[in-house]
Each structure stands twice: as structure tokens, then as C-alpha cells.
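Welcome, and please open your viewer. We will go from one selection to the next and look at what is there.

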Amino acid sequence: MKRKQLIASLLFWLFLMGMSFSWNYHLVVSNNQMVVLNKSRSFFDQILVTRAWSSEHNGIYVPITEKTKPNPYLKDPFKNITSTDGIKLTKINPSYMTRQIAELNKNNYNLQFHITSLNPIRPENKATENEAKALNEFELGAKEKLEFHENDTVHEYMYMAPLVTQKSCLKCHSHQGYQEGDIRGGISISFPAEPYTNGVNKQILSLSIVHFIILILGYAGIILYHINTKKHFSIIKIKNEELNKIISTKDKFFSIIAHDLRSPISTILGYLDLLQTDYNSFSKEEQIDFISNINESAKSSFKLLNNLLLWARSQQNRIMLDVQKHNLKSTITEAIDAYLSSSKLKKISIELLVPEEIFIYSDSFTLQCVISNLFNNAIKFTPKNGVIFIKAKQENGFAEIQIIDNGVGIPEERINKLFKIEESVSTKGTNDEKGTGLGLLLCKEFIEKNNGSIQIVSKINKGTRVIFRIPTTPQS
């Protein structure tokens, strides 16, 4: 390959990684913004509910203390009263109540509320510059505003929404010229941004590391491919079929690494960051649901990595077979044991019809990988309350094993593509289970290494029959 083609390939891969990083960066920032916005709305709604309760009761009376003195701005002839047992009481209206709640939140939770207006009764309620801008926007129709403020000492979010004049508010504010439905001010809510920005920074760091690794792997693959192509240019026609297989394998690996592996890892990181930064804001059911999703994503990643490693070792001829005599039924029972819980969840019946007297000559590890993958596939594509048969018989020096399901079946035109890495595609199971299309390739490789063969017979909506043969006598 020419130097220009190599540079173009590297630049194109860099462009793809840049686009992927930009999109994922946008998702991380957008998700964080939505979390902050929802939290702010919840705080604001709780303030409105508290104010509405106080307003419905025309305020409440509390003992006068050093901390709770009569409100000098409240125009009410019954502002101060004395109980029958001589306790002096003062009326707390919604605004006064909100200020006291704000002080408690500021002292205990580092959360600041500020009732404000462009025309305040109380001087302390005068709007700041940012609050004044928001109030003017509310007058023009804005419903809410969320801002991030940052300087040398402060990193905080400020959320603000308008206070709309209700009928009960006119008792205190009618003299200011307000009418029902007017915007008379707003409440701003300020809280530290570090828990959220730190979570975003961690996710962005993770994204950067993952994309950097994928970028380097891509560069290595592209460079190796170009070096290999240049080295063997003189015999390119003879090696064309072999090179096509190498290219397809590379593309499949990059597809799996860049998409199938990144997706569950991103899911795990997202849920972990949510739980870490805002754990107490979620209900018990939400927390359990998050943990369940993390568990499923981790299992998916582990299975994918395991298949990738096995496939890589197989391609490099690094899997050494230890052929021994084994009891077939025991081998099958041991291989499917880890997946029986999945079949129980879908209420799938398992019929094991394997004679005790059949013995085979094979490598136990690779054969169990084959049986596990095929059995797991059968569960994946079998609907709830379905049935899976595992049958075996002995003939002509081979044990013929059949794994039969009554699931969704496979289109005839796809059956011949199942064992080709350049054409294999993954199909979702009946419960949306995910796969990579790599399992059947491993099965074929391992069965052939054990001097066996495999074939698939299937009909749409009728089910699938996977048939493979393993020697029952030693092979030379």
C-alpha cells in the first residue's frame, strides 16, 4: 500500500474515534444536566407545596423567640397574639416560613433558597444580578432557568423558577398591585456542583481512556495491515482469500471491541456514577433496578471477553488439546449446569436423552465450551414455556449429539453464514438477550479440532436442530 493510503486510513480512523467520543461526551453532559435539573425541580416543588399548605391555613402561629421574631413586613392586625396560658405567639406567613426552611437547609445540607422579586417588600429579598436576569426572562414567558456558576471559590448550580400569584397571596401582596396569575417574583436554589461535575469528569476520563485504547488498537491494526500487505504484495493474488479472512477477522474484532464491549461498560459506568453521586435521591426499587442492570451488563461483558480470548487463542493455535476418554452424559451435564438457572427463568423444560454407556474421545475443555454455547443459544431463542431436547446416539465410530429447540428458527439464507466471521451477525433472543455471533465460530473451530463435524437444520417458527459428531474411538 502507498504511504498516502496509510495516512488516509489513519486519519479516517481518527475521525471515527473523534465522532464517537464527541457523541458520548454529549450524552454524558446531557445526562448530568438532566439529573441536576430534576433534582432542582424536586426541591422547588417541595417549597411550593410547603408554601401552599401555609397559605391555605392563612399562616401559622409559633412562640416568639430570639430566632423567630415578629415579621415587621407582615401587615396583619392579628400578627401577634397571646395564648390563654400567656405564651406570646407570632404569625409565620409562607415567605417567613420559606426563609426559615432556607436557613435550615443552608446550615444542614449546604443548600440555599432565596425568595426574590424585582419589587420586594423585604430589602433582603432584593434580586441579585443573575436572579434579576432570570426574573425578566420569566416576564417574557420563560418557565425555569438552570445555570452553572464558577469562580475561584464557588462552583455551584443555580436553579430558578417563578412564583405565580395565587388568590391566597393577595391578602399580603394586593397593595403592591399584583393580580391573580401575575409573576410576583421567584425562588432561586443554589447547591454545590462538585458532586455532579466530579461524576461527569470521571465518566469523561473513562470515555477518554476507552477511546484512546480503541484508537491505538485501530492504529496498530491499520499499520500492521498495511505492513503485511506491502510485505506480501508480490504474492497478493495467491494469498487473496487468506488476506480477506484476516481483514474480516480484524473488522469483526474492532466491531466487537468498539461497540459490543463498550456498550455494557458504558452502562456500568453510568449507573455506578449515578449511584455514587446521588444515591440517596433514588428509591429502594430504583437502586435495586440499577444494580440488576449493572449485574447483567457485567455478565454480558465477561461472556464476551471470554469468547474473545478463546477465539484469539484458537486463531493463534495456542489451545492445546488433551484428548481423553470421557463419559458423554457426564460431560453434557457438567457443561449445561451453569445455564440451567436461565432456562428456569424462562420456564423452559430440558429433556436429556443421552445413554449412560456412550463414551467419547475428546478434549474436555473445548467440548464443554461447545456444549455450553449451543445450549445457551437454545435457551436464548426458545420462548417461555418452551422445551429443549438433548439427544445422543452412537454409530460408525462417532457419537452424534443433537440439541433441539422449538424456538424462533433461522432463515435458510443465513444458515450458511453462521460459521463465517466476515458474514456472521448477531440476533436478539426471545427476551432481547444480546450476542456477538462469535459463539458458533468457536463451536465449529473446537469441534473440528476434536476431529468432529457440525451442521444446523432449522425452520422459521419451528425451531432449530444443531447436530455435531465426536469420535468414540481414538483418532490417529
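**Before you click**

This is a predicted model, in which local features need pLDDT of at least 70 and side-chain atom pairs count only at pLDDT 80 or more, while totals for chains, interfaces and linings use all residues. Residues are numbered from 1 along each chain as its sequence is written, and side-chain values use heavy atoms, with hydrogens and water left out.

**Stop 1: everything**

Show the protein as a cartoon: you have 12 helices and 14 strands. Both are DSSP runs numbered from the N terminus, helices being H or I with at least four residues and strands E with at least two. Of the 476 residues, 38% count as buried; buried means under 20% relative accessible area, exposed over 50%, and partly exposed in between, with a 1.4 Å probe and protein chains only.

**Stop 2**

Select 183-192, which is strand β7. Why is β7 described as largely enclosed by the rest of the structure? Eight of its 10 residues are buried, so the rest of the structure largely encloses it.

Two strands pair if DSSP finds at least two bridges between them. Angles run from 0 to 180 degrees between N-to-C directions, and axes are lines fitted to C-alpha atoms, for helices over the stretch in contact.

- β4 (residues 112-116) with β7: five bridges, with His-114 opposite Ser-188.
- β6 (residues 155-164) with β7: nine bridges, with Tyr-157 partnered by Phe-191.
- β5 with β6: six bridges, with Glu-150 partnered by His-155.

Contact here means heavy atoms within 4.5 Å.

**Stop 2: the three-stranded sheet**

Next, find the open sheet with the order β1-β3-β2, again with antiparallel pairing. β1 (60-63) and β2 (80-82) are at its edges with a single partner strand each, so one side of each has no neighbour in the sheet. Here the twist averages 35° from one strand to the next. Three bridges join β2 to β3 (residues 88-92), and Ile-81 stands opposite Leu-89.

**Stop 3: a helix crossing**

Select 364-381 and 439-449, helices α10 and α12, whose axes come within 9 Å and cross at roughly 145°. Which residues make the contact? Show side chains for Thr-366, Cys-369, Val-370, Asn-373, Leu-374 and Asn-377 of α10, and for Gly-439, Leu-440, Cys-443, Phe-446 and Ile-447 of α12.

**Stop 4: a loop residue**

Finish at Asn-416, in the loop between α11 (412-415) and α12. Is Asn-416 buried or exposed? Its relative accessibility is 62%, so Asn-416 counts as exposed. Draw a distance from its C-alpha atom to that of Gln-455, 39 residues along the chain, and you will find 9.6 Å.
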